[in-house]
Amino acid sequence: MTRFVVVAVLATLIVGAGVSRPLLISAHQLPNEPFRQFGTSVTGAFEGWFPAPDGTRYFLIGYLNRNSSQAVDVPIGPNNHIDPGGPDIGQPTHFLPGRHWGMFAIKVPADFTGPDQRLTWTIVANGQPTTIPLRLHPDYVVSPFTDVAVKNTPPLLRFAEEGPSVQGPLAMLSTAVTRTTKASSPLPLTVWTEDDAKFASGTMALPKNLPPPVRVYWSQFRGPAAVSFDKENPPSDVLAGGGVNVLFKGKATTTAKFSEPGDYVLQVTANDFSGEGGSGEVCCWTTALVKVTVTP
């Protein structure tokens, strides 16, 4: 899928003051409401949809928090719901500042047979409502598992060195791993990554400061109170490779601290050379969720 198609993919419907106005957004052009330090809106971002090999179809969804200095919490309910079938279909309730790509996926209902059927995600943040449609329009098909230029693929992500792997932006609560800790005890979080280390750019010229083949990012996805990480972007210990087109294996470790007991969900994202959001190509990164039960 080309970057030009992506421009058409990210359709957002902003609902406010009794007026609905459709806006097209892309990696480089998002709804024209300006960023503020705090007090403004959060909008879902429809990256597109894709078919799995077994014929299952998925919506891929991110968000834009226009509050440059405010993480916003919006619990599931009247102010954060997906319909029909919701209100809870696995969406985040904790929204970090800025644009966040492909944060979760939704399995498309089996009875969706045409491009006019849709789900809608409504978020009301700081009193400002926004709604986006999610639909199977043929213009919105994306390819998050293979980059057409160099056949790049997303990193593999494991929570145990020899455990099962996750690949691609398939963060869903139904497949989340589980952990338990105490509010007084930092929770160690370790992931093992593997990547083909393929590099693509407009000129194929390598930048002077080429980043590591895989970069890992941790963030809060849900939770009743704040979560802090020792390192949100922990450096990877290189277990193998490290160069372009050389199989890379790495290990990254951090710890999470929870300010209150309760049920939390954390997200981990593994980006390869293509960077956040695949630099507009909607490939190639991997996401996974971790459910954490925090006891007193």
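**Close-up views of a predicted model**

**View 1. Five rings, one cluster.** Tyr-63, Phe-95, Phe-104, Trp-121 and Phe-221 gather into one aromatic cluster. Keep in mind for this view and the others that the model is predicted. Searching the whole structure turns up twelve aromatic pairs. Take Tyr-63 and Phe-95: their ring centres are 4.9 Å apart and their planes meet at 85°, so this pair counts as edge-to-face. The two come from distant parts of the chain, with Tyr-63 in strand 4 (residues 57-65) and Phe-95 in strand 7 (residues 94-95), 32 residues apart.

**View 2. Phe-104 meets Phe-221.** Here is another edge-to-face aromatic pair, Phe-104 with Phe-221, at 6.5 Å centre to centre and 75° between the planes. Phe-104 belongs to strand 8 and Phe-221 to strand 15, so the pair ties together parts of the chain 117 residues apart in sequence. Phe-104 has a relative accessibility of 0%, so it counts as buried. Phe-221 is buried too, since its relative accessible area is 1%, against a cut-off of under 20%. Both residues also belong to the aromatic cluster with Tyr-63, Phe-95 and Trp-121.

**View 3. The largest nonpolar core, and another one.** Which residues touch the most other members of the largest nonpolar core? Out of its 29 residues, they are Phe-59, Ile-61, Phe-104, Ile-106, Trp-121 and Leu-134. At least two residues of this core come from each of strand 3 (42-51), strand 4, strand 8, strand 9 (118-125) and strand 10. Strand 9 is the top contributor to this core, giving four residues. Apart from this core sits another, made of 23 residues, including Leu-187, Phe-248, Ala-256 and Ala-270. Two names in the largest core, Phe-104 and Trp-121, also turn up in the aromatic cluster.

**View 4. Inside the largest pocket.** The largest pocket holds about 400 Å³ of space. Its lining takes in 20 residues, and those nearest the centre are Leu-96, His-100, Tyr-217, Trp-218 and Ser-219. Which elements give two or more residues to this lining? They are strand 8 (98-107), strand 15 (215-222), strand 16 (227-229) and strand 19 (262-271).

**View 5. A charge over a ring.** What sits over the ring of Trp-101? The charged end of Arg-99 does, 3.9 Å from the ring centre.

**View 6. Two cis peptide bonds.** Pro-87 is in the loop between strand 6 (80-83) and strand 7. Another cis bond runs from Cys-283 to Cys-284, where omega is near 20°. Look for Cys-284 in the loop between strand 19 and strand 20 (285-295).

**View 7. Positive phi without glycine.** Lys-151 is not a glycine, yet its phi is positive, near 60°. This residue lies in the loop between strand 10 (128-135) and strand 11 (156-158). Asn-245, also not a glycine, has a positive phi of about 65°. You'll find Asn-245 in the loop between strand 17 (236-240) and strand 18 (248-258). With a relative accessibility of 56%, Asn-245 counts as exposed, because the cut-off for exposed is over 50%.

View 8. Asp-73 and Ala-125 are 52 residues apart in sequence, but their C-alpha atoms are 8.1 Å apart in space. Asp-73 has its place in strand 5 (residues 72-73), and at 44% relative accessibility Asp-73 counts as partly exposed. Now for Leu-210 and Phe-273: 63 residues separate them in sequence, and 8.3 Å separates them in space, C-alpha to C-alpha. Leu-210 is in the loop between strand 14 (187-195) and strand 15. Leu-210 is partly exposed as well, with 30% relative accessible area.

Note on methods:
Residues numbered from 1 in each chain as written. Predicted model: local features only at pLDDT ≥ 70, side-chain atom pairs only at ≥ 80, totals over all residues. Heavy atoms only, no water. 1 Å grid on protein atoms, 1.4 Å probe; cavity = no way out; pocket = protein on both sides within 12 Å on 5 of 7 lines; lining within 4 Å. Points joined across faces, edges and corners; volume = space filled by probe spheres on them. Phe/Tyr/Trp six-rings, centres within 6.5 Å; stacked < 30°, edge-to-face > 60°. Buried < 20%, exposed > 50% of the residue type's maximum accessible area, 1.4 Å probe, protein only. Lys NZ or Arg CZ within 6 Å of the ring centre and 35° of its normal. Core = buried A, V, L, I, M, F, W, Y, C linked by side-chain atoms within 4.5 Å.
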